[in-house]
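Hi everyone, thanks for coming. I'd like to walk you through some charged side chains today, so let's get the picture up.

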Amino acid sequence: MRKTLIALMFAAALPTVAMAMPEGSGPMGPMDGPRHGQHGQHGKGPYSELDLSREQRQQIGKLMGEQMRARHQLIDTYLEKLPAAEQKALKDELAAKHQKTESDIRGLLKPEQQKEFDAIQKKHAERRAEWAEFKAWKAQQPKKAQ
């Protein structure tokens, strides 16, 4: 049980590695501009020395996105097997770490960037709420059909 919990926590932390994805089109759309302080330095990602074409970067980004989604599904599968109390504890811990990271990021920003960051966070929260509402609606559909 302890190994499973450690593995889940490790796997849940892995999406931060996705931030190091090579330039190109990935699950979040085109990313051809400078990223994370590179400011014109071409390709500091793990595949920067391969001299990839735009199409190759797009395909690699797509593969990395698929891998990230598969990892999330795997985490959810094992999370469902945990007792309810451990599920809640793990989710609460992940949420707290996520909130702290967002707070730390916001602290690094200039005031005008903080306003934009807050707007982005609000937009993401609305989208998550819509998704949760849709999932709840979808879960009720088979019940109505029977």
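A quick word on the ground rules. This is a predicted model, where local features need pLDDT of at least 70 and side-chain atom pairs count only at pLDDT 80 or more, while totals for chains, interfaces and linings use all residues. Residues are numbered from 1 along each chain as its sequence is written, and side-chain values use heavy atoms, with hydrogens and water left out.

So, how many salt bridges are there? With a salt bridge taken as a side-chain nitrogen of Lys or Arg within 4 Å of a carboxyl oxygen of Asp or Glu, the count is three.

Let's begin with Lys 88 and Asp 92, whose side chains meet in a salt bridge at 2.8 Å, N to O. Both sit in helix 3, residues 84-108, four residues apart, and that puts about one helical turn between them. By helix I mean a DSSP run of H or I with at least four residues (strands are E runs of at least two), numbered from the N terminus. Is Lys 88 buried or exposed? Exposed, at 52% relative accessibility, whereas Asp 92 is partly exposed at 41%. The cut-offs, with a 1.4 Å probe and protein chains only, are under 20% relative accessible area for buried, over 50% for exposed, and partly exposed in between.

Staying in helix 3, Lys 100 and Asp 104 are also four residues apart, about one helical turn. Their closest N and O atoms are 2.7 Å apart, making a salt bridge. Here Lys 100 is exposed at 52%, and Asp 104 is partly exposed at 41%.

Now for Arg 106, which forms a salt bridge with Asp 118 at 2.7 Å, N to O. This pair links distant parts of the chain: Arg 106 is in helix 3 and Asp 118 is in helix 4, residues 111-145, twelve residues apart. Arg 106 is partly exposed, with 31% relative accessible area, and Asp 118 is partly exposed as well, with 33%.

Okay, on to the loop. Where does Asp 51 lie? You'll find Asp 51 in the loop between helix 1 (2-13) and helix 2 (54-81). Most residues other than glycine have a negative phi.
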